[in-house]
Amino acid sequence: MKNINTKTLPTWCPGCFNFQILAGVKNFLNKQIKNERDRENYAIVTGIGCASKIFDYVNLNGLNGLHGRVVPTCLGIKIGNPNLKVLGFAGDGDAYSEGVEHLVHACRYNSDFKYIVHNNQVFALTVGQPTAVSELGFVDKTTPAGVKINPLNPIKLVLASGATFVARVLADVKQVEWVLEEAAKHRGFAFIEVVQPCIIFHPDSDYKKHVYDLQESGHDKTDWKKAIERALEFDYNKLDDKTRIPMGIFYQKQEETFEEKFPALTRLKRAGKGWRDIKR
Ligand SMILES: Cc1ncc(C[n+]2csc(CCOP(=O)(O)OP(=O)(O)O)c2C)c(N)n1
């Protein structure tokens with residue numbers, strides 16, 4: 001992992017599930033990156049928040065940008081050099097509250113980058129305000145009477161918006177590594193939600209007891225209507241005895257990518273170059 005590590009010590013809380021995500025990401029990159037050239041082919045983009053600190057712990061070129069703006073930054077990089085393999089990371093506040101409009105269009109555009117959302121159902125770095133996916137009744141100092149608005153269902157949203165790869169996994173090293181490998185094989189936009197309970201501001205509500213594996217259950221990931229049905233099984237509200245949370249790949253379809261729609265980008269792709277390498 002020499003190439004992938006940085007010298008920066010993580011400032012996440014001891015025991016934070018972000019460490020599992022980081023380890024999964026590093027395992028994935030370690031298999032993909034064999035030399036300096038491979039490393040140069042990757043770019044990392046993050047927003048702001050605990051999740052986004054991953055930027056400092058992975059030795060890749062990239063941009064630690066603005067809160068809520070991971071998606072347009074990834075798209076900008078792809079337009080600048082469609083050959084780069086771009087990984088975007090955001091918290092749920094970043095992805096679903098501040099930057100949700102970009103997510104809708106990323107699904108429509110189908111640009112070939114991978115978007116990983118660490119969903120802890122809370123604005124963690126700013127110490128616990130509810131996000132768009134906090135459950136009804138969630139209480140914090142800013143919301144003492146509890147959340148009164150139903151949470152957004154991101155899986156339903158991205159499916160409805162035309163995403164071509166939709167997955168949800170737990171913040172577990174092996175699951176993160178697996179889903180990144182599957183997403184890497186996909187040509188086009190990949191939406192990956194990682195359920196990552198915040199041990200301080202939104203503690204683990206026993207997700208592990210409620211999950212089941214979509215692929216083991218025989219789910220047909222090419223069937224969009226079935227994917228929607230599975231998405232509706234969990235509404236991000238409080239878990240009860242009957243709650244079952246599907247995990248794995250909900251949907252996958254190969255479609256023309258954003259880059260393939262524009263001849264100039266296709267030419268760059270064929271030439272293995274970015275704009276800055278082209279003499280004008
Ligand atoms: C435009 C903008 N709005 C608000 C903030 C303040 N802010 C910084 S981190 C953060 C919370 C991030 O929460 P989330 O994206 O869910 O990530 P987490 O910390 O939970 O991993 C907020 C609201 C900011 N930096 N910029």
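In this report, Ala, Val, Leu, Ile, Met, Phe, Trp, Tyr, Cys and Pro count as nonpolar, Asp, Glu, Lys and Arg as charged, and the others, Gly among them, as polar. By this division, the shell around the ligand consists of 7 nonpolar, 9 polar and 3 charged residues. The structure is a predicted model, in which local features need pLDDT of at least 70 and side-chain atom pairs count only at pLDDT 80 or more, while totals for chains, interfaces and linings use all residues. Residues are numbered from 1 along each chain as its sequence is written.

## Ligand surroundings

The ligand is surrounded by 19 residues, the closest of which are Gly-49, Gly-91, Gly-93, Asp-94 and Ala-124. Helices (H or I, at least four residues) and strands (E, at least two) are DSSP runs, numbered from the N terminus. Helix H5, spanning residues 92-98, contributes the most to this shell, with 4 residues.

## Overall fold

The protein chain contains 12 helices and 8 strands. Its radius of gyration, 18 Å, is close to the 19 Å that the globule rule gives for 280 residues, so the protein chain is as compact as a globular protein of that length. This radius is taken over C-alpha atoms, and the rule is 2.2 Å times the number of residues to the power 0.38. Along the principal axes, the C-alpha atoms fill a box of roughly 60 × 45 × 30 Å.

Two residues are in contact if their C-beta atoms, placed from the backbone, lie within 7 Å. Of the contacts in the protein chain with a separation of 6 or more, 72% join residues 24 or more positions apart.

## Burial and the nonpolar core

A residue is buried if 20 or more other C-beta atoms lie within 10 Å of its own, exposed if 12 or fewer, and partly exposed in between, with C-beta atoms placed from the backbone. Buried residues make up 46% of the 280 residues in the protein chain.

A nonpolar core is a set of buried Ala, Val, Leu, Ile, Met, Phe, Trp, Tyr and Cys residues joined through C-beta atoms within 7 Å. The largest one has 74 residues, and Tyr-115, Val-166 and Phe-250 have the most contacts inside it. When neighbours within four places in sequence are left aside, the contacts of Phe-250 include Ile-155, Leu-159, Val-166, Leu-214 and Lys-221.

Ala-190, in strand S6 (residues 190-195), is buried, with 27 other C-beta atoms within 10 Å. With neighbours within four places in sequence again left aside, Ala-190 is in contact with Lys-114, Tyr-115, Phe-165 and Ala-183.

## Packing of H4 and H6

Helix H4 (residues 70-80) packs against helix H6 (residues 100-109) at an angle of about 35 degrees, and their axes are 8 Å apart. Here axes are lines fitted to C-alpha atoms, for helices over the stretch in contact, and angles run from 0 to 180 degrees between N-to-C directions. H4 supplies Val-71, Pro-72 and Leu-75 to the contact, and H6 supplies His-102, Leu-103, Ala-106 and Tyr-109. These residues divide into 6 nonpolar, 1 polar and no charged.

## Individual positions

Most residues other than glycine have a negative phi. Asn-110, in the loop between H6 and strand S4 (114-119), has a positive phi near 55 degrees. Asn-110 counts as buried because 24 C-beta neighbours lie inside 10 Å. Val-127 also has a positive phi, of about 65 degrees, and lies in the loop between S4 and helix H7 (154-160). With 12 C-beta neighbours inside 10 Å, Val-127 counts as exposed.

Thr-142 lies in the loop between S4 and H7 and is exposed, with 11 C-beta neighbours inside 10 Å. Ala-264, in helix H12 (residues 263-271), counts as exposed with 12 such neighbours. Trp-178, in helix H8 (residues 173-185), is partly exposed, with 19 other C-beta atoms within 10 Å.

The table gives C-alpha separations for selected pairs.

| Pair | Separation in sequence | C-alpha to C-alpha distance |
|---|---|---|
| Ala-190 and Tyr-115 | 75 residues | 6.0 Å |
| Thr-142 and Pro-130 | 12 residues | 8.4 Å |
| Ala-264 and Ile-79 | 185 residues | 9.5 Å |
| Trp-178 and Gly-65 | 113 residues | 27 Å |

Note on methods
Near = placed C-beta within 6 Å.
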